[in-house]
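Take a look at the chain shown below.

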Amino acid sequence: MTIPQAPVFCIDLHCHSTASDGLLAPADLVQRAAEKGVSHLAVTDHDTIDGLSEARTQAESSGIRLINGTELSCLWKTQTIHVVGLDFDSANPAFREALARQHENRWARARMITERLQKTGVADLLEKATAKAGGDVPGRPHFARVLVEEGRVKDAAQAFKRYLGAGKPGDVKAFWPELSEVVQWITAAGGIAVLAHPRKYRLTATKLRNLVHDFKRAGGRSIEVSTSGQSSGDLGFLVELCRQQELLASQGSDFHFPGAPWCELGKIMKMPDGLEPVWHHFKEPAGVPSPVQSGA
Ligand code: MN
Ligand code: MN
Ligand code: MN
């Protein structure tokens, strides 16, 4: 395997393949990343590591370094939060078991939505909704599209208003585990837990600080400071948060499909100096092995 010895690394630690809700197969995703100049990539599919072996084979032939990754859903208070796990041992039996349970949780919810809709007189939509999700576990937006196709409602908005929205039969809460639990899974498998896209939860600054506090207490070590489509104001806020809380800084595009100009593999706003990059703490550290000392 050849690792490009470029003076500047291009590091993308968050993206999705067809193993979850991405459009590209793992090998195509890695190939595209290589074409975009990415030197270090983590494929972080939702609640699965099924794409990793295909991605690894392609990474070896494309000459880019693949870091083990996944993005796990969990609950903090009543809020769904995403935690990216990086550089874990993918053969760890307890971790694999936890991922299998996580995947089953998704299906259990899809089945419950199906059953509740059936009680209102709608047909069994699970198969069609699964097709809408590209063969993966369908969520409410996929059920909404089928309800439109079946002529039950005129559009997705009406599907939510009548069938899927708050207080309606298809409003089934996800069965996610607690934040602290998923952080422990990742940590116990030798990985680093990263709080994904912290600005996406639309929390107030105070609530976000509380979240980060709880995340750290559970063993979380890093937050995504730079992600696609965020403003420079968001970046500045997260840089400050990362510094204050003495967390490792991560970055990733959260790429799902080609053609979105605001979201491309490897295209991430540069993090300012003075933060400690998470990739310095991988088992095989990337970049300068000595930590950056000052932010001046
Ligand atoms: Mn996604
Ligand atoms: Mn996410
Ligand atoms: Mn994601």
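## Terms and ground rules

A residue counts as buried under 20% relative accessible area, as exposed over 50%, and as partly exposed in between (1.4 Å probe, protein chains only). This is a predicted model, in which local features need pLDDT of at least 70 and side-chain atom pairs count only at pLDDT 80 or more, while totals for chains, interfaces and linings use all residues. Residues are numbered from 1 along each chain as its sequence is written, chains are lettered from A and ligands numbered from 1 in the order in which they are written, and side-chain values use heavy atoms, with hydrogens and water left out.

## Two domains

The chain is assigned domain 1 (11–99 + 176–281) and domain 2 (118–164). These bounds come from an automatic or database domain assignment. Taken over C-alpha atoms, the centres of domain 1 and domain 2 are 30 Å apart.

## The largest pocket

Rolling a probe the size of a water molecule over the atoms shows where empty space is left. Here the search runs on a 1 Å grid over the protein atoms alone. A cavity is a set of points where a 1.4 Å probe fits but cannot get out. A pocket is an open set with protein on both sides within 12 Å along at least five of seven lines. Lining residues have an atom within 4 Å of a point. Grid points are joined across faces, edges and corners, and a volume is the space filled by probe spheres set on the points.

The largest pocket has a volume of about 1,100 Å³. It is lined by 40 residues, and Asp21, Arg106, Arg109, Gly139 and Pro141 are the closest to its centre. Strand S4 (69–76), strand S5 (79–86), helix H3 (93–119) and helix H5 (140–149) are the elements that give two or more residues to this lining. Helices (H or I, at least four residues) and strands (E, at least two) are DSSP runs, numbered from the N terminus. H3 gives the largest share, 4 residues.

What classes of residue make up the lining of the largest pocket? There are 13 nonpolar, 16 polar and 11 charged residues. Ala, Val, Leu, Ile, Met, Phe, Trp, Tyr, Cys and Pro count as nonpolar, Asp, Glu, Lys and Arg as charged, and the others, Gly among them, as polar. Why does the largest pocket lie between domain 1 and domain 2? Both domains give residues to its lining, so the pocket lies between them.

Helix H9 (residues 232–244) has 13 residues. From its first C-alpha to its last, H9 reaches 18 Å, close to the 18 Å expected at 1.5 Å a residue. The expected span is 1.5 Å times one less than the number of residues. Just after H9, Glu246 takes a positive phi of about 50°.

Which residues of H9 are buried? They are Asp234, Leu235, Phe237, Leu238, Val239, Leu241 and Cys242. An α-helix has 3.6 residues a turn, so residues three or four places apart point the same way. Helix H8 (205–217), strand S7 (222–227) and strand S8 (248–252) are among what covers the buried residues of H9.

Val239 sits in helix H9. Its relative accessible area is 5%, so Val239 is buried. Not counting residues up to four places away in sequence, Val239 touches Val225, Pro272 and Leu275. Contact means heavy atoms within 4.5 Å. Ser226 is 13 residues from Val239 along the chain, and their C-alpha atoms are separated by 8.6 Å.

## Two loop residues with positive phi

Asp47 is found in the loop between strand S2 (40–42) and helix H2 (52–62). Asp47 is not a glycine, yet it has a positive phi of about 55°. Is Asp47 buried or exposed? At 1% relative accessibility, Asp47 counts as buried. Ala100, in helix H3, is 53 residues from Asp47 along the chain, but their C-alpha atoms are separated by 8.3 Å. Ala100 is partly exposed, at 48% relative accessible area.

Arg202 lies in the loop between strand S6 (192–195) and H8. Arg202 also has a positive phi of about 55° although it is not a glycine. Arg202 is exposed, with a relative accessible area of 78%.

## Near the chain's end

Pro285 lies in the segment after S8. Pro285 is partly exposed, with a relative accessible area of 43%. Leaving aside neighbours within four places in sequence, Pro285 is in contact with Arg65, Trp279 and His280.
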